[in-house]
Amino acid sequence: MPALPLDEAGKYVAAAYLVFLALLLVYVAIMSGRLGRLERDLTDLNRELEERDRQRERDPERVA
Amino acid sequence: MHGKGLRTLAFLTALTLTAAYALVFFWTPNEADQGFVQKIFYLHVPMAIVALCGFVAGGVAGLMYLRTRDGKWDLRAYVAIHLSQILACGVLITGSIWAKASWGHWWLWDEPMLVSFLIVFLLYATYQVLRFSIEDRERQARYASVFAVVAGAFVPINFAVVRMAQSYVHPRTLGTTTGGMPSEMMLTFLIALAGMALLFVTLWKYEMASKSAGAQVRALRLRLLGDDDALPRRSAAPTL
């Protein structure tokens, strides 16, 4: 098959590189979602620990 | 621990890939036969090589798990295979685009390189399913490691057999019989390959760091609060 002219070939080359970019962006988006979930888990953990500390201060014998 | 040096690695990856693709479009000459379409080569081939090496690395990590029974090796194998699957998906799509531009067909079933790569991709597609089907974590890691070792050994054998195949229309990348690539093309290709390898290592470290941090948060939750929710649910992903 003869080489495609530049205007025709450009579409295919752009498509291939955009596929790579899209894959990378989707991966980063998924990973940032996971990071967000991890941050939420850490916030929850901190909140629960603070709540536990407050309860301990209020009623040390019961918590112990 | 896996996050150490990640920023430098990410910077180096961005720099190498930017340099590689700048060279592809502004410096490297067009190939005589295929013309501008051949620029896909600098993306498609490094991605394929790195994906296949990632599968083999997964096999090596699986072997290390079987020797040591350390869960970290299972996680390393899982992340390497997972990333290689993503790259392999990219290889199939970009290869298909290149095939359409060069040969006039999206896919050729009588082309050994295309079909063998699809077989490797489909083989590894069952890895996640295998993992998810086993609830017991130790058994899951053991079976998945055996799979990773066997499939990891299959990858280079499969590649070698295809290279030796008689019926061959797929362009041979690093062939020596035709005199190889001109030096500009070879240099650009090597930089693109280094960039893709760095990208793989960066994402591997990033995902390892993320999974390791997640496992630490769960362990902390279980230790401090005795929370049952902290126990890992059934998943294909290994837990530390």
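**Around Ile40(B)**

Leaving aside neighbours within four places in sequence, Ile40(B) is in contact with Tyr12(A), Val13(A) and Ala16(A) of chain A, and with Thr94(B), Ile97(B) and Trp98(B) of chain B. Two residues are in contact if their C-beta atoms, placed from the backbone, lie within 7 Å.

This is a predicted model, in which local features need pLDDT of at least 70 and side-chain atom pairs count only at pLDDT 80 or more, while totals for chains, interfaces and linings use all residues. Residues are numbered from 1 along each chain as its sequence is written, and chains are lettered from A in the order in which they are written.

**The nonpolar core**

Ile40(B) and Ala51(B) have the most contacts inside the largest nonpolar core, which has 60 residues. Such a core is a set of buried Ala, Val, Leu, Ile, Met, Phe, Trp, Tyr and Cys residues joined through C-beta atoms within 7 Å; buried means that 20 or more other C-beta atoms lie within 10 Å of a residue's own. α3(B) gives the largest share of this core, 15 residues. Helices are DSSP runs (H or I, at least four residues), numbered from the N terminus.

**α3(B) against α5(B)**

The axes of α3(B) and α5(B), lines fitted to C-alpha atoms over the stretch in contact, are 10 Å apart, and the helices pack at an angle of about 50 degrees.

Note on methods
Buried ≥ 20, exposed ≤ 12 C-beta atoms within 10 Å, placed from the backbone. Helix = DSSP H or I, 4+ residues; strand = E, 2+ residues; numbered from the N terminus. Axes fitted to C-alpha atoms, helices over the stretch in contact; angles between N-to-C directions.
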